[in-house]
Amino acid sequence: MSDISKIRNFSIIAHIDHGKSTLADRLIEACSAVSKREMTNQILDNMDLERERGITIKAHAVSLRYNAKNGEVYLLNLIDTPGHVDFNYEVSRSLRACEGALLVVDAAQGVEAQTLANTYLALDEGLEIIPVINKIDLAAANPEWAKKEIEDIIGIVAEDAPCISAKLGTNIDSVLEKIISEIPPPGGDKEAPLKALIFDSQYDSYRGVIVYIRVFDGCVKTGDRIKMMVTGKEYEVAEVGIMLPIGYQRCDELSAGAVGYLSASIKNVQDTAIGDTITLSENPVQAPLPGYRKALPMVYSGIYPADGSKYPDLRDALEKLRLNDSALLFEPESSIALGFGFRCGFLGLLHMDIIQERIEQEFNIDIIATAPSVVYKVTLNNKTEKIIENPQEYPDPGNVEKAYEPFVKASIITPPEYVGNIMDLCQNRRGIHKGMNYLGPDRVEISYELPLNEIIFNFFDVLKSRTKGYASLDYELIDYREASLVKLDILLNGEMVDALSFIVHSEKAYPRARSIVEKLKDNIPRQMFEIPVQAAIGGKIIARETVKALRKDVLAKCYGGDISRKKKLLEKQKEGKKKMRSFGSISLTHEAFMAVLKQDE
Amino acid sequence: MNNLGLYIHIPFCRSKCAYCDFYSYPAGSEEHDALAAALISRIRSLKKEIDGYEIDSVYFGGGTPTLLPFDKLCNILSEISAYNISKKAEITLEANPGTIEPDALAGLRRGGFNRISIGMQSAVDSELVSLGRTHNAAQAKAAAAMARKAGFDNINIDLIIGLSSQIRENLEKSIATAAARAEHISAYILKLEPGTPMFEKHPNGTMDDDEISRLYLYCCEKLFSHGFVQYEISNFAKPGFASKHNMKYWTLKDYIGLGPGAHSFFKGRRFSFPRDTKAFIAGSYSNDAFTGIEHEQVDLAMEYIMLSLRTADGISKKELEKLGVAPGRATALLEKYTKAGFAERNSQSFRLTPKGFLISNTIITDILLALQV
């Protein structure tokens, strides 16, 4: 497509489950030669895990040729974005590559927390926002109300918003027409020095890393020598092209306004930073595109192989996962309790969950993960500052002058009848109430500042259960605040299990300690002797339970007919025991270990 | 000459006890006859298989074998006696109090049975009711007396430990009653099997583990004071009266089991008949005693360890080495158990104490893991 005026670069933003992916499918169907038969549902969600969970994890892009009502042919570049709060930065970079965004709102649910969050991101990028009311097929759908919410809450005109059902395919062409009429074509100067944004990348076994780019100025073609401005690395372009629904298509060049890919024998996805600017080595652009940010992990967890001999397999799995996930960080670490493993950094809990699940399912490695922990900062007595990513590194309280924990700003949108429950929950998690805002007669937005370590366990699940699933949550890191922190240690049979140590606010220390020793008592299988289970702070025991000794585990009758059955039982018991980890002299099953790490209300 | 044990299974019962999950059911007399005929025909076809073997134990079990008329039982036994059978062979019949009477017992004794096993379970009537047994304590005592009178000088009485709210005094009474009337006592810790009425009634067990273990240890002590030596987890006998047949199970000796659901360990193979009386009867009119059997895996090292640890002799280092197992790997573990009072050991062998028997499943698993079996 050489006529820049016929290009439209856009994304679809929405709250989870409002129909973003289904709409993407319908748009692709409407524009492409891909028949229904060839297209699997939600072609943009091409990982099994994504499909299973119904969420988009990786951003992808696709170019669609649209024959408009006016007889002209347009090139629509749809850039898909992850919808989860963990991946905000990736969302913002994908939006940066666009001129417009379709804002999809569920006609029955209306505006929700991530609708707002994503809209603000899009507005920040200066995008033209086209509201689209979806799911009009539902009995509970109320398009007029949804339009009004958009106007009142977000403040953009929604009168002419197309009302569609992505599921049934109703009114999709009105969306396409709106795209070409409302979203401006890209600008840019083809003759200027190359300035292209990396908004995504993916490792391919034949081509190496494929870099997805939006060209703002200049043009790039095979054979060019390019430079990544943030990392400083240079490469020779092997191939450029665009992404069609049925696959990649090489082309001669990508010029200003275009969205496409390039490959340049890049070995490591780590070398392609999302948000980085690509330019030509010989004629570089003066300044890179603004907005680049190094993706920082918010949550850390130790991941260990359940079977120590699988350590190399785990390392391989993490390296393979990192191929396509530049936000995943990991470093070897070891624990007396768990042996050798890795300390991994994630963008958030969803990211962590996904990686853990992939290791277990795709790579078939049973793992033990320590409780997720956040990054703390301490100032020692000698005035040096230390960053603590691993609870075991927490210094002696005697050496700590001040400690700081990360705080987030959380926005919860809910029907008014649950406000009390929510405020209770946030109060319990050391939240600071920042305000309440009526978005409409049945929508309240509650703002709280909360310590991140109070959210990372099961805040979201408890929130959902206390609000019958109606509440939605969005949060972002705001700052670090001074806190009275302590390190809680767990001792089994008098020996400290380092993997169970964690950092907690002193207010929460005693209740956490109690709940953990009780859970351990219920989860540790009885053994030859009585086992004391203790929680301690700095060597001082603050909670204790006892696991009684095993008294009876016997097969009273074992005659001819019982022998085979007994053998089977023994095999099972052996397998079970093999999976147990020894912590000092105590054996724990993986389940027991994990059960302990879950927090209560 | 190789020794062989023979087991005959009669899967018929008047009614099912609340705790039973054996293969047994109420059947009519035609089925009794058909099964007897099938058993006889199969015994006859054993000829080639057991050539070179001397039968030194026979066991008629069930169900309630004594539901069959005594002459039918003797017929079956006589077919077995036609083979090479030791003069000192132990020939046992399981009997349910209430299904036997003096003439039958005399007939059975004449026919060659020399050991009788009476399922008394308890000498306390209220306990018997909760078990769903069809007899009372008085009948059980009478049965034992009858057996003596008929000439049985080798009697076993079964007891159960761990009945709901069973108190020590009741167990003591049952032990004393049995001890006065038998040479051999089997005392079983009650196991609630899923699918049985007792399991439904007591889904969480009849009493807690600590209580049952105390009762078991008490039982072991009491039986010892009555002169019964414990030779297996649940089996106690006056010197010379340990059950030859049952010992075969725990010492990996040869035995053949005939009848629906019966198991065999013969010539290095394990196999069994399916729990299907019709199928067993149908297949009997052929030349092969083993028509219809299903084979099972054999793992000698594992079986040796798990079975010998049930006995008072325990594991022998020599035997382990013969089986290709390096005993050294478990030394530390065995020390640990010995120190804690669960076992006793010397340079040649390792055996469990009653306290160890109580947690033998765990100990066996640990030893198997340590020895990498």
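Biologist: Which residue takes a positive phi just after α8(B)?

Modeller: This is a predicted model, and what I say about it is computed from that prediction. Just after helix α8(B), the backbone takes a positive phi of about 95 degrees, and the residue that does so is B:Gly227.

Biologist: Which residue caps the N-terminal end of α8(B)?

Modeller: At this end of the helix, the backbone nitrogen of B:Asp210 has a side-chain oxygen 2.8 Å away. B:Asp210 is also among the buried residues of α8(B), which include B:Ile212 and B:Leu215. The side-chain oxygen belongs to the residue that caps the helix, B:Asp208.

Biologist: In what order do the 5 strands of the open sheet in chain A lie, and which are the edge strands?

Modeller: The strands form an open sheet with mixed pairing, in the order β2-β3-β1-β4-β5. Two of these strands each pair on one side only, and these edge strands are β2 (61-67) and β5 (128-134) of chain A.

Biologist: Which residue of β3(A) stands opposite A:Ser63?

Modeller: Strand β2(A) is joined to strand β3 (residues 73-79) of chain A by 7 bridges, and the two run antiparallel. Within β3(A), the residue standing opposite A:Ser63 is A:Asn77.

Biologist: What angle does the direction of helix α6 of chain A make with that of β5(A)?

Modeller: Helix α6 (residues 172-182) of chain A packs on the sheet, where it touches β1, β2, β3, β4 and β5 of chain A. Its direction, compared with that of β5(A), makes an angle of about 170 degrees.

Biologist: Why can strand β30 of chain A be called largely enclosed by the rest of the structure?

Modeller: Buried here means under 20% relative accessible area. Strand β30 covers residues 531-537 of chain A, and it is largely enclosed because the number of its 7 residues that are buried is 6.

Biologist: Which residue takes a positive phi in the hairpin of β30(A) and β31(A)?

Modeller: β30(A) pairs with strand β31 (residues 540-547) of chain A in the antiparallel sense over 7 bridges, and A:Ile537 stands opposite A:Lys540 in β31(A). The hairpin has 2 residues between the strands, and the residue with a positive phi near 55 degrees is A:Gly538.

Key
Residues numbered from 1 in each chain as written. Chains lettered and ligands numbered in written order. Predicted model: local features only at pLDDT ≥ 70, side-chain atom pairs only at ≥ 80, totals over all residues. Heavy atoms only, no water. Buried < 20%, exposed > 50% of the residue type's maximum accessible area, 1.4 Å probe, protein only. Helix = DSSP H or I, 4+ residues; strand = E, 2+ residues; numbered from the N terminus. Polar contact = N/O pair within 3.5 Å; in protein donor to acceptor, adjacent residues only side chain to side chain. Pairing = 2+ DSSP bridges. Contact = heavy atoms within 4.5 Å. Axes fitted to C-alpha atoms, helices over the stretch in contact; angles between N-to-C directions.
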